[in-house]
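User: I am new to reading protein models and would like to go through one with you, step by step. Could we take a few residues and then the whole chain?

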Amino acid sequence: MSVLDSKIPDGPLKDKWTNHKNKIDLVNPANKRNIDIIVVGTGLAGGSAAASLAEMGYNVKSFCYQDSPRRAHSIAAQGGINAAKNYQNDGDSVYRLFYDTVKGGDYRSREANVHRLAEVSGNIIDQCVAQGVPFGRDYGGLLDNRSFGGVLVSRTFYAKGQTGQQLLLGAYSALNRQIAKGKVTMYNRHEMVELVKVNGKARGIIARNLETGELERHSAHAVVIASGGYGNVFFLSTNAMGSNATAAWKIHKKGAHFANPCYTQIHPTCIPRSGEHQSKLTLMSESLRNDGRIWVPKNMEDVLAIREGKLKPTDLSEDQRDYYLERRYPAFGNLVPRDVASRAAKERCDAGFGVNETGEAVYLDFASAIQRYGKQEAAIARIENPSAEEILKLGEGVIESKYGNLFQMYEKIVAQNPYKTPMMIYPAVHYTMGGVWVDYNLMTSVEGCYCIGEANFSDHGANRLGASALMQGLADGYFVLPYTIGDYLSNDIRTGKISTDSSEFVEAEKEVSDRIEKLMSIKGTKSVDHFHKLLGKAMWEYVGMARNEEGLKKAMAEIKQIRTDFWNDVRIPGDKNSLNTELEKAGRVADFLELGELFAKDALHRNESCGGHFREESVELDGMQKGEAKRDDENYAYVAAWEYKGEPADAVMHKEELEFNDIELKQRSYK
Ligand SMILES: Cc1cc2nc3c(=O)[nH]c(=O)nc-3n(C[C@H](O)[C@H](O)[C@H](O)COP(=O)(O)OP(=O)(O)OC[C@H]3O[C@@H](n4cnc5c(N)ncnc54)[C@H](O)[C@@H]3O)c2cc1C
């Protein structure tokens, strides 16, 4: 029998969450005042959780490594957040959101979790509107929606291209209210570097004050990890440069299983890499695919002429263009899910049709949308026989009102005006669906240690649909954890304060201090970034958009070697007792170097293509789906949760079989 108990409640799917909430133990308000909770992370997941738990009466200690909670990476989210409100009256429902999310995730997520996510999605919007989040509204003042990839309805709420920023400001203001009331103690510029377990339970953390270098012991009755995703294991990604896996990895090493590390989302619409010296990639929100059409030239001569600067994309007529998504997937067109769109771009570029110097770019073109909107606006304004200039101006105005900040960002980075010439885009690492394994209550396999938001293995299965991460982070933080954690803490009402003088805290602190000492004493010749880049290259080459057995074995060996070299030859200038960003990076890269190998090991064992994990050995050979990813439900319909055993290569896998009672497993087809 599996060691994993997902604790999915019994009963019909639609009643599970309600029944569970009705039955779980509660902590009375007076007792909540005697209970401490540590929350690591102040993004949408951690910020909303800390604010909610404090509002409920618990004493919360909140940690982030930035100088302010509002700088968490969630602030970068652009496109929107899903909710089954059916404001558009286009047939949406809780069931449809549930269905789309399970299907979009290629049937590799838990039905019960996803249904709960869909159920609470509407509450999230109400909560955020009450906080004053300025969601986009339509002409009549009602909340507006747009579509995202992989669905046939409009259910995405947005605030221009700054949805994450506005949502985070909402969560941050709720958090600040609790900080002012003394219910949340905020530790900015503090990095959690170890979990402390007492009698098998999570009872605290060791944090490093990043300004003074001091190590601090913090105790609590429960620890919540909300530290975000690990996409930066690839070095280049759309994540914030500071995003890292350290908190998640430290709890993994202390007993929390790590699930499906190989499930990574490669986002189809990012600004292409310009060369070797780049340290960050920029996302162009998927919302742009609502109006942008993706294409490459049909003829190779045109591709070459464009690359040489002899031809402009706008010189090509419609019949000289290959709108390959519309051609291959007529039902969903440019709005196919991200994994499908990314692979299709790679396929065209691998075939030589990439339109920039590196050969890794396709066009995202707004010309038709500008025309369409321009004509519509002219009709609304009762302009008879509008001129071409008038249509263009009106159309560009609509595009600006929808995506203005994204267009501005693109122009600043690429120095081209996307209103006049198509954007160039290429897939980039964006989101990690894998993460710390949690049960239905969001508890990890370490008692009393919870994990929420992108850091957990989440509800997205093998692929995340657009606008679902914000929904999941806020569902976890506002509406799930605040209930489920009470069930555990109800046993702690007589425990009293947890001392930080116990041998467990002393040992954990020593572990950290020895590790830092070791890093500082290497005094090698290569920078931390040097090793991080090598890791990223190995990851992208062998564990990126397409993977095969030979490459994955190579990746495991290479990453192990890079890790050995890192521990022999890394150079960390400065000292450990003051602000030292190189030391911070070194600790994070050391963890990435272990996680990267486990990632490749997980990808190697999963000999099927599913969602963001594409195995070259597993493709459809015949019929309508020829060339598409081939899932293997008979052998791989499970969550792979890895137990730490020292070297990443020695990790032991535990399977959580996935049961589908309410959804029939079908081949995903967007044709
Ligand atoms: C460019 C971009 C655009 C996106 N757009 C969308 C979108 O439109 N819609 C959507 O649904 N999703 C989007 N996503 C995904 C979404 O933004 C993230 O998945 C989500 O915001 C993650 O939230 P989080 O709270 O889990 O983590 P984060 O926001 O990453 O927060 C992590 C927190 O943990 C803290 N932390 C980390 N490690 C430690 C440590 N060791 N010690 C102390 N603190 C620590 C950090 O300081 C931070 O406060 C986008 C992602 C990117 C990269």
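**Contacts and overall form**

Analyst: D339 touches N463, G611, G612 and R668, where residues up to four places away in sequence are not counted and a contact means heavy atoms within 4.5 Å. This is a predicted model in which local features need pLDDT of at least 70 and side-chain atom pairs count only at pLDDT 80 or more, while totals for chains, interfaces and linings use all residues. Residues are numbered from 1 along each chain as its sequence is written, and side-chain values use heavy atoms, with hydrogens and water left out.

User: Which side chain does the side chain of D339 join in a polar contact of 3.2 Å?

Analyst: A polar contact is a pair of N or O atoms within 3.5 Å; within protein, one must be able to donate a hydrogen and the other to accept it, and residues adjacent in sequence count only if both atoms are side-chain atoms. D339 is found in helix α10, which covers residues 338-350, helices being DSSP runs of H or I with at least four residues, and strands being runs of E with at least two, numbered from the N terminus. The partner of D339 in this 3.2 Å polar contact is the side chain of N463.

User: Is D339 buried or exposed?

Analyst: Buried means under 20% relative accessible area, exposed means over 50%, and partly exposed lies in between, using a 1.4 Å probe and protein chains only. Because its relative accessible area is 5%, D339 counts as buried.

User: Which backbone oxygen does the side chain of Q278 reach at 3.1 Å?

Analyst: Q278 has its place in the loop between β11 (264-270) and β12 (293-297), and its side chain reaches the backbone nitrogen of S274 at 2.7 Å. At 3.1 Å, the side chain of Q278 also reaches the backbone oxygen of K280.

User: What is the radius of gyration of the protein chain?

Analyst: The radius of gyration is taken over C-alpha atoms, and the globule rule is 2.2 Å times the number of residues to the power 0.38. For 671 residues, a compact globule would have a value near 26 Å, and the protein chain agrees with this at 25 Å.
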